[in-house]
Amino acid sequence: MKIAIVGTGYVGLVSGACFAEVGIDVTCVDVDATKINNLTSGKIPIYEPGLDDLVKRNTAAGRLHFTTDLAECIDQVEVVFCAVGTPPDEDGSADLKYVRSVARQFGRLINRYTIFVTKSTVPVGTSRIVSDEISAELKARGSEIDFEVASNPEFLKEGAAIKDFMSPDRVVIGTDSQRARKVMERLYRPFLLNNFRVIFMDIASAEMTKYAANSMLATRISFMNDIANLCELVGADVNMVRKGIGSDARIGTKFLYPGCGYGGSCFPKDVKALARTGRDNGYRMRIIEAVEAVNEAQKSVVFSKLRDELGELNGKRVALWGLAFKPETDDMREAPSLVVIEKLLDCGAEVVVYDPVAMDECRRRLGESVKYARDMYDAVNEADALALLTEWKQFRMPSWAVVSKAMRGDLVIDGRNIYIAEELADEGLRYRCIGK
């Protein structure tokens, strides 16, 4: 079976490599010639554990191809996935200009029955827009070629995307056509053989499922951060509260860890887009709006603790461990680190940063406005305070004796609640965390 995937960003590249891994012939398409040339030569534009080997292995095996021109493969493929970006517009809605562009190109190029599958995260109703764009192009050509539009949202976690794709909790496919369903069943047969759930539903429900899933997870995070902030005021320990409620089988423990806010390419964008969809349909998503508001405020909590403990920040040297929005990725989109850094710099503080993989991304975003450390201990040299923002494994058990000796000050802010206060106190360090 042959398919094409338009867009070689995070979703498109991971999906293409994983489909190729189970024996499907995949052509990845992107308008960025430099990116395509790099991928062809084995250079991966994003950091994702295991992706480098997966791409190289399937490229060498002849199952994974890269091109800038969809026309090169359109006559051989049965399915074209659209995996281009849908960045948030100024009003919070998802910008569909790239999706529309791919749909128009699809309509100009197809010569036989082909399925257009939206894998990008798109608002409910996008399938109708896509179908209209394709139909308009076919009409302009004077052609009557059968096509179908389907939805196949992704549920990949950055840092564990390959495992999520190859061993999914579920595969959601939205289609209103039995013909398209049969093609998609054949495409996902390798996963059905392992008894993974493939859930078919109508297109609108599939589009809504993606937003609802991410918004529910974001809600749990913001809920727990709200509880953590109240715990600090009333003298409770949020870690004990988390264990207490997480032991309830109806609640569970996942996404109940308080911290300094969520970021990334999915949760912030999808929460905003779902709230906007509600407004567009005359309904206010009050819980979702609150989730976003709590999270935006939570991104400043580490800065607030630094200011409360240090007072005047002008001239103070602050070390930050972690820049990416989560471990195992170099993605800094909507990361709490960006908020903390901006506020510290505005106060005249000197900021020294270290992250295992996101240093180049930080330099691309912030230039030389911050200082870049060689390693985690170099970052704390002569620092007045240290703040942990991303819970990378190498940050989990530092030598506090080394940290204490290197620092000028004694303050450690734990933005992810992974340290034990007594261990820091033994080395003369002041410890502050979230919700305790």
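## Strand β10 and its neighbours

In this predicted model, L320 has V353 of strand β10 as its bridge partner. The two residues belong to a pairing in which strand β9 (residues 317-321) and β10 run in the parallel sense, joined over five bridges. Strand β10, which spans residues 350-354, is mostly covered, since four of its five residues are buried. Between β9 and β10 the chain passes through helix α14 (residues 336-346), and this β-α-β crossover is right-handed.

Strand β10 also pairs with strand β11 (residues 371-372), again in the parallel sense, over two bridges. Here the bridge partner of V352 is K371, a residue of β11.

## The six-stranded sheet

These strands belong to an open sheet of six strands with parallel pairing, whose order is β11-β10-β9-β12-β13-β14. The edge strands are β11 and β14 (430-432), each of which pairs on one side only. Within the sheet, β9 pairs with strand β12 (residues 385-388) in the parallel sense over four bridges, and A385 in β12 is the bridge partner of V318.

Helix α13 (residues 301-310) packs on this sheet, where it touches β9, β12, β13 (411-414) and β14. The direction of helix α13 makes about 160 degrees with that of β13.

Residue S151 lies in strand β6 (residues 147-151). Because its relative accessible area is 4%, S151 counts as buried, the cut-off being under 20%. Leaving aside residues up to four places away in sequence, S151 touches V117, T118, V172, I173, G174, I203, A206 and E207.

## Helices α4 and α5

Helix α4 (residues 97-109) and helix α5 (residues 126-141) pack at an angle of about 35 degrees, and their axes are 8 Å apart. The crossing in which α4 passes α5 is right-handed. On the side of α4, the contact is made by V99, R100, A103, R104, F106, G107, R108 and L109, while α5 contributes T126, I129, V130, E133, I134, E137, L138 and R141. By residue class, this contact between α4 and α5 divides into eight nonpolar, two polar and six charged residues.

Residue N295 lies in helix α12, which covers residues 286-298. N295 counts as buried because its relative accessibility is 1%, where the cut-off is again under 20%. Not counting residues up to four places away in sequence, N295 touches S222, G261 and Y262. One of these, Y262, is 33 residues from N295 in sequence, whereas the C-alpha atoms of Y262 and N295 are 6.7 Å apart in space.

Terms used. Residues numbered from 1 in each chain as written. Predicted model: local features only at pLDDT ≥ 70, side-chain atom pairs only at ≥ 80, totals over all residues. Heavy atoms only, no water. Axes fitted to C-alpha atoms, helices over the stretch in contact; angles between N-to-C directions. Left-handed = near helix turned anticlockwise from the far one by under 90°. Contact = heavy atoms within 4.5 Å. Nonpolar A, V, L, I, M, F, W, Y, C, P; charged D, E, K, R; others polar. Buried < 20%, exposed > 50% of the residue type's maximum accessible area, 1.4 Å probe, protein only. Pairing = 2+ DSSP bridges. Right-handed = clockwise from strand over helix to strand, strands pointing away.
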